[in-house]
Amino acid sequence: MEKFLRMYRNLHADNLEILKTVYRQDIHFTDPAHQISGIDNLTAYFAALYANIDSIHFSFLEPLMVDNKGYVRWEMTFSHRRLDGGRPITVAGASYLEFDQQGKVHFHQDYFDLGAMLYEHVPLLGRFVRSIKKGLGK
């Protein structure tokens, strides 16, 4: 788990090859917007992600290992010139991980609010999404 967290703390657009140090070739990665299989596809996904963001930082909270399964809560702070005027956006989430006997991740599932990450920060659409969320609490 510590190697995984350290990798994400140090990951940036110029060192995506370090993904191979923690993920298996046959990694299956899923989040609210994507399902990706294979390290080459995952690397391409991160290359596109990092090409479009101005900054990104992860803070990890409460990592937990049970046998070969890991859980970690996190906060991701990022900025993107087309979202919220380029101001930093912080999104809370959690990851579920399955490790093989060599300590490499073969399954990674992220849980987070896609609206809080993306839709709420798009002009016009953001106002609509926030009003729907506010109405759900009444």
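In helix α1, the residues F4, L5, M7 and Y8 are buried. Viewed along the axis of α1, these buried residues fall within an arc of 160°, so they line one face of the helix. An α-helix has 3.6 residues a turn, so residues three or four places apart point the same way. The model is predicted.

**F4 in helix α1**

- F4 belongs to helix α1, which covers residues 2-10.
- The relative accessible area of F4 is 3%, and F4 counts as buried because this is under 20%.
- Apart from neighbours within four places in sequence, F4 is in contact with V22, Y23, L97, V105 and H108.

**Strands β3 and β4**

- Strand β3 spans residues 55-66 and strand β4 spans residues 69-79; the two pair in the antiparallel sense over ten bridges.
- Within this pairing, R73 in β4 stands opposite L61.
- β3 and β4 form a hairpin with two residues between the strands, where D67 takes a positive phi near 55°.

**Strands β4 and β5**

- β4 also runs antiparallel to strand β5, residues 89-99, and ten bridges join them.
- S95 in β5 is the bridge partner of V72.
- L97, with a number inside the 89-99 range of β5, is among the contacts of F4.

Conventions: Residues numbered from 1 in each chain as written. Predicted model: local features only at pLDDT ≥ 70, side-chain atom pairs only at ≥ 80, totals over all residues. Heavy atoms only, no water. Helix = DSSP H or I, 4+ residues; strand = E, 2+ residues; numbered from the N terminus. Buried < 20%, exposed > 50% of the residue type's maximum accessible area, 1.4 Å probe, protein only. Contact = heavy atoms within 4.5 Å. Arc of directions from axis to C-beta. Pairing = 2+ DSSP bridges.
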